[in-house]
Amino acid sequence: MSPFHGYRGDGVIGSALFSGVRPRKRVFASAADEAVTAAAPKRQKQREEPSLDALPDACLFEVLRRVQSARARCASACVSRRWLALLAGIRASETVLAPAVPDLNQEYLGEDEDEFMCDDADLERTLEGKEATDARLTAAAVGDALRGHLVSVSIRGSHPTRGVTDAGLSALTRGCPALRSLALWDVPQVTDAGLAEIAAECHLLERLDITGCPLVTDKGLVAIAQGCPDLKSLTIEACSGVANEGFKAIGRCCAKLQAVNIKNCAHVDDQGVSGLICSATVSLAKVRLQGLNITDASLAVIGYYGKAITDLTLARLPVVGERGFWVMANALGLQKLRCMTVVSCPGLTDLALAAIAKFCPSLKLIHLKKCSKVSDGCLKEFAESAKVLENLQIEECNKVTLMDILAFLLNCSPKFKALSLVKCIGIKDICSAPAQLPVCKSLRSLTIKDCPGFTDASLAVVGMICPRLENVNLSGLGAVTDNGFLPLIKSSESGLVNVDLNGCENLTDTAVSELVKAHGTSLAHLSLEGCSKITDASLFAISESCSQLAELDLSNCMVSDYGVAVLSSAKQLKLRILSLSGCMMVTQKSVPFLGSMSSSLEGLNLQFNFIGNHNIASLEKQLWRCDILA
């Protein structure tokens with residue numbers, strides 16, 4: 001552009017430029033001609049109006065990479081998609097440091113640049129559903145990267161037509177080379193090229209979670225392995241293109257790998273799992289394998305090379321047999337194993353479980369779910385071998401009986417603290433009590449949930465053998481009545497802290513009154529959801545006896561406005577969470593009483609009752625600190 005663009009020629013330079021031109025004779029024209037003549041210079045001026053958009057991309061790139069202020073670069077990104085794309089393509093190493101000059105816009109903007117650049121809320125970005133597009137991801141990369149804070153990005157889902165692609169990941173990696181954590185959930189358009197961009201720019205990446213990305217293959221994982229040596233956590237789930245070579249490369253190159261989760265990848269077999277475990281034997285502490293076509297060989301490798309493994313989950317491994325579990329335990333490599341979960345593995349038998357207890361001396365927690373071959377009688381031997389076991393969770397193992405549980409408690413470790421039995425059909429009343437009832441004084445937490453055969457008789461026995469319970473969950477035990485629950489209350493020597501009675505529809509106000517009288521000074525959480533025989537009488541007892549209660553769930557109970565008024569008047573009661581969902585007798589009359597609880601209430605559930613939207617709006621003004629669900 002000429003340096004004299006727009007100069008009128010009225011001064012000395014203009015006279016010199018036009019001194020040799022003869023003046024033309026004035027010509028008179030019609031009014032119409034004059035209008036056309038007057039409009040022509042305006043159109044010409046519009047055509048010649050200078051604009052940076054007229055510059056080619058290469059020139060505009062050079063201009064934008066010289067913009068220093070974070071605020072100015074963010075403002076530039078808002079001009080157009082073209083400017084945003086160009087800014088996203090500027091690496092930190094390509095920024096030109098220009099000499100410091102005064103910012104003439106600083107006073108106009110009225111904010112300090114340091115305040116603009118310090119925003120802890122930008123440490124993590126999450127894009128979900130229709131918001132997950134290349135444009136939004138690029139904008140986040142440009143805007144947040146300029147502040148130097150963006151270290152974690154999660155993309156959950158994708159826009160149906162304009163979803164996140166490799167181009168968006170490329171912009172993210174160029175703008176945020178210090179990225180530490182990246183999660184890609186159900187992003188079907190991301191390919192190996194996108195992972196290659198991550199590997200090329202984000203060398204500090206520590207956590208990578210790829211779920212439901214069918215176009216990602218071993219090639220992408222190999223690139224990650226070579227470019228991200230600091231990787232500590234890797235999750236690959238439902239990626240049909242991933243096989244074995246990618247995991248082998250991860251094991252060879254990522255010496256700091258601590259956790260790996262491989263789930264529902266049909267082409268991953270023994271080669272991939274064994275190659276990974278063998279190479280990462282020093283650092284790998286957490287392993288989760290689910291829905292894979294692996295055999296006993298993989299478990300043998302885990303048992304021998306898993307010297308650093310502390311947390312192991314094996315789920316839905318149909319090909320693994322009893323021999324695999326037995327060899328894994330007898331290989332003596334799992335000396336540090338503390339937590340183990342086994343789900344839907346037909347190979348876990350009584351023999352295998354005994355071997356695990358015997359040769360994993362550090363085991364503190366074991367969770368068994370849908371293990372159909374774990375039978376009655378095996379838990380006694382398990383208890384005798386597991387010397388430091390603290391937590392046993394059994395779910396949908398229908399061959400386990402109450403006699404087996406009593407034998408376990410009789411022989412368990414003095415450190416044993418928590419027992420959970422969920423949906424076990426074999427847990428039901430016994431015809432006759434054993435000759436010697438165990439007394440497990442170390443047990444603090446007991447969960448017996450959705451076991452339809454468990455009734456009052458069994459609950460009374462539990463009360464006798466577990467005198468120091470603090471946490472009790474009896475959800476879904478519809479057959480339990482006051483006759484079974486009251487002995488449990490009376491036999492408890494320690495104060496109960498958390499009590500969950502969801503779905504115990506046969507419990508009445510008598511049980512609740514006795515509970516709060518005996519344990520009101522320690523009770524912090526009480527759930528009575530679905531206890532349809534609970535009325536205002538229970539709330540009156542709670543208001544008189546409870547001093548530490550913070551969470552109370554009365555969903556679908558027969559409480560009314562009077563009960564709410566009683567709760568609100570209790571001076572020593574400082575509820576933080578209250579649920580009145582489905583309480584049809586709670587109406588707009590409760591609004592002033594609920595409003596008076598503003599000093600302590602943080603969460604309030606008022607769904608499915610007759611309070612009304614107008615009253616909810618009024619209540620929101622009174623309880624402005626409280627999250628109200630209505």
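Student: How many aromatic pairs does the structure hold?
Tutor: The structure holds two aromatic pairs, where rings of Phe, Tyr and Trp (its six-membered ring) pair if their centres lie within 6.5 Å. This is a predicted model, in which local features need pLDDT of at least 70 and side-chain atom pairs count only at pLDDT 80 or more, while totals for chains, interfaces and linings use all residues. Residues are numbered from 1 along each chain as its sequence is written, and side-chain values use heavy atoms, with hydrogens and water left out.

Student: Why is the pair of tyrosine 304 and tyrosine 305 called edge-to-face?
Tutor: Planes under 30 degrees apart count as stacked, over 60 as edge-to-face and the rest as tilted. For tyrosine 304 and tyrosine 305 the planes are 75° apart and the centres 4.9 Å apart, so this aromatic pair is edge-to-face.

Student: What makes tyrosine 304 partly exposed?
Tutor: Buried means under 20% relative accessible area, exposed over 50%, and partly exposed in between (1.4 Å probe, protein chains only). Tyrosine 304 has 46% relative accessibility, so it counts as partly exposed. Tyrosine 305, at 32%, also counts as partly exposed.

Student: How do you know that phenylalanine 408 and phenylalanine 416 form an aromatic pair?
Tutor: Their ring centres are 5.1 Å apart, and the planes make 75°, which is edge-to-face. Phenylalanine 408 is buried, with a relative accessible area of 1%, and phenylalanine 416 is buried at 0%.

Student: Why are H20 and H21 called roughly parallel?
Tutor: Angles under 35 degrees count as roughly parallel, over 145 as roughly antiparallel, 65 to 115 as roughly perpendicular and the rest as oblique. Helix H20 (residues 482-491) and helix H21 (residues 509-519) pack at about 5°, with axes 10 Å apart. They are therefore roughly parallel to each other. Axes here are lines fitted to C-alpha atoms, for helices over the stretch in contact, and angles run from 0 to 180 degrees between N-to-C directions. Helices (H or I, at least four residues) and strands (E, at least two) are DSSP runs, numbered from the N terminus.

Student: Which residues of H20 meet H21?
Tutor: Contact means heavy atoms within 4.5 Å. Asp482, Phe485, Leu486 and Ile489 in H20 meet residues of H21, among them Ala511 and Leu515.

Student: What makes H21 roughly parallel to H22?
Tutor: The axes of H21 and H22 come within 9 Å and cross at roughly 5°. That makes H21 roughly parallel to H22. The contact includes Val512 and Val516 of H21 and Ala541 and Ile542 of H22. By class, it has five nonpolar, three polar and two charged residues.

Student: Which residues touch the most other members of the largest nonpolar core?
Tutor: A nonpolar core is a set of buried Ala, Val, Leu, Ile, Met, Phe, Trp, Tyr and Cys residues joined through side-chain atoms within 4.5 Å. The largest has 166 residues, and Phe325, Phe485, Ile542 and Leu578 touch the most other members. A second, separate core of 10 residues includes Leu60, Ala77, Leu87 and Val142.

Student: How do you know that glycine 168 is buried?
Tutor: Its relative accessibility is 0%, so glycine 168 counts as buried. Glycine 168 is in helix H9 (residues 166-175). Leaving aside neighbours within four places in sequence, glycine 168 is in contact with Asp134, Leu137 and Thr138.

Student: Why is H9 called largely enclosed by the rest of the structure?
Tutor: Seven of the 10 residues of H9 are buried, so the helix is largely enclosed. Among the buried residues are Leu169, Ala171 and Leu172.

Student: What makes helix H23 mostly covered?
Tutor: Seven of the nine residues of H23 (residues 561-569) are buried. The buried residues of H23 pack against helix H22 (536-545), strand S17 (551-553), strand S18 (577-579) and helix H24 (591-595).

Notes:
Ala, Val, Leu, Ile, Met, Phe, Trp, Tyr, Cys and Pro count as nonpolar, Asp, Glu, Lys and Arg as charged, and the others, Gly among them, as polar.
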